[in-house]
Amino acid sequence: MGRFILSLLVALILGALIGLYIGWVQFPAQTIDSPTSALAQRYKDEYTVMVAEGYRADGDLNGALERLRFLSVENIPAYVQETAERFISNSRDLEDIRALVLLAEGVGRLTPVMQPYRPLGQTP
């Protein structure tokens, strides 16, 4: 019985050492820095909603615009308007729509389609 446990322990240690060698030396993880603009549209939308939520919380329009510059879009106000209108037309989450509409209003791109979603009493 003692020999079995010793063999099992040696096998576990050898397996762990071989696994560490293969994972760290032979085939290490490679980090690839991708720009934010390379994100899929779904993740760009999520990022834009997070920025809009931040704007709703602190009212810092310059900070929101600076964060959206990471997406490398040509016209940030038009992008925010397009995103808000797309969320409205696709019946996305109401709180996300309200945050996007508030940001669109902040950048001067409030459209008639967005009017019903304007958050009442929440102006930064």
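Arg109 touches Asn75, Pro77, Ala78, Gln81, Ala104 and Met114, leaving aside residues up to four places away in sequence. Contact here means heavy atoms within 4.5 Å. The model is predicted: local features need pLDDT of at least 70, side-chain atom pairs count only at pLDDT 80 or more, and totals for chains, interfaces and linings use all residues. Residues are numbered from 1 along each chain as its sequence is written, and side-chain values use heavy atoms, with hydrogens and water left out.

Arg109 sits in the segment after helix H5 (94-106). Helices are DSSP runs of H or I of at least four residues, strands are runs of E of at least two, and both are numbered from the N terminus. Arg109 is partly exposed, at a relative accessible area of 28%. Buried denotes under 20% relative accessible area, exposed over 50%, and partly exposed the range in between (1.4 Å probe, protein chains only). Phe87 lies 22 residues from Arg109 in sequence and 15 Å from it in space, C-alpha to C-alpha.

Gln81 belongs to helix H4 (residues 76-89). Gln81 is buried, with a relative accessible area of 15%. Beyond four places in sequence, Gln81 touches Arg109, Thr111 and Met114.

The chain as a whole contains five helices and zero strands. Its pattern along the sequence is α-α-α-α-α. The radius of gyration is 25 Å, well over the 14 Å that the globule rule gives for 124 residues, so the chain is more spread out than a compact globule. This radius is taken over C-alpha atoms, and the rule is 2.2 Å times the number of residues to the power 0.38. The C-alpha trace spans about 80 × 30 × 25 Å along its principal axes.

Of the 124 residues, 26% count as buried. Among contacts between residues at least 6 apart in sequence, 56% join residues at least 24 apart. The chain exposes about 8500 Å², with carbon and sulfur atoms supplying 59% of it. Accessible areas come from the Shrake-Rupley method with a 1.4 Å probe; for residues, only the protein chains shown count as cover.
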